[in-house]
Amino acid sequence: QGQLKIASAVMAARCRLSARFHHVHGTNVRLDASRTRATRVESFANGLCFSQEPLAPGQIFLVEIEEKELGWCGHLRVGLTAHDPQSLEVVPEYSLPDLVNMGDTWVFAITRSHNRVVVDGEEARARGPPWEPFLLIERVRIPRDTLVGRSRPGRYSHILDDLYKMNVLPATARRSRIGVLYAPQPDGTADMHIVINGEDMGPSARGLPTTRPLYAVVDVFASTKSVRVIPVDYGFPSLQTLCRLVIQKHIVHRLAIEGLDLPPLLKNFCQHE
């Protein structure tokens, strides 16, 4: 258990440091000062972004969709690449097909009918209740609370929150959270997994090399205009988070939290975070 806590602390520190975009990006992308928000300022292409650092095994790179743009067809694209962004002479216009055609890159458009590689004899994935505190992918254990999108507080926000948790809304709805990670396999390769609002979509690609650094790819494409990197704190959920999970499970409307006899800071955390 001591080794598990140390590993979780190391992963948490790494995630906080790398939870931002690389300074190399597509020509239509503008990053904010913290490099945690990427906005495509014109057109529908040249929106390619990368993680600041290569990912560690089991480390998720998570983004939230902040703004949408009407008038374009196509959605956010995410994946992994073994190409160091710093080594690119020119950032490709598109992740699909341009970056993928360079080889050693695995990128998919995010849709509800998501791509998944199934091997013979593989059974369907068992989905736990959305309030379970952890998402388990292979040997990777990720606090689920951070992975799930939430609506802005409002009259019908409790309904939207349930739709996010159950993944009923479109995968690329505003406020949805999309993540990508790779899980090492016994043969020395890795499987790439895409996570949508706390749900593992299964292996999207298999046989990824683990001997080369793998960077996250986020293509702010077409109808997606702006995304924000969400830091994921690995380890055990905080008491504050556990309280929120219990409270949200037993109320029908987020505005009802205001009438509960709770400390003001906890109320604010339950209503707005």
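**Exercise 1.** Describe the salt bridge between R206 and D191.

*Solution.* Start with the contact. The side chains of R206 and D191 meet in a salt bridge, 2.8 Å from N to O. A salt bridge is a side-chain nitrogen of Lys or Arg within 4 Å of a carboxyl oxygen of Asp or Glu. R206 is in strand 11 (residues 199-209) and D191 in strand 10 (residues 189-196), 15 residues apart. Strands here are DSSP runs (E, at least two residues), numbered from the N terminus. Then check accessibility. R206 is partly exposed at 29%, while D191 is buried at 3%. Buried means under 20% relative accessible area, exposed over 50%, partly exposed in between (1.4 Å probe, protein chains only).

**Before going on.** This is a predicted model: local features need pLDDT of at least 70, side-chain atom pairs count only at pLDDT 80 or more, and totals for chains, interfaces and linings use all residues. Residues are numbered from 1 along each chain as its sequence is written, and side-chain values use heavy atoms, without hydrogens and water.

**Exercise 2.** Work out which parts of the chain R228 and E66 tie together.

*Solution.* First, the distance. The closest N and O atoms of the R228–E66 salt bridge are 2.6 Å apart. R228 lies in strand 13 (residues 224-229) and E66 in strand 4, so the pair ties together parts 162 residues apart in sequence. R228 is partly exposed at 27%; E66 is buried at 13%.

**Exercise 3.** Is R40 buried or exposed?

*Solution.* R40 has 0% relative accessibility, so R40 counts as buried. Its salt-bridge partner is E69, at 2.8 Å from N to O.

Note on methods
Helix = DSSP H or I, 4+ residues; strand = E, 2+ residues; numbered from the N terminus.
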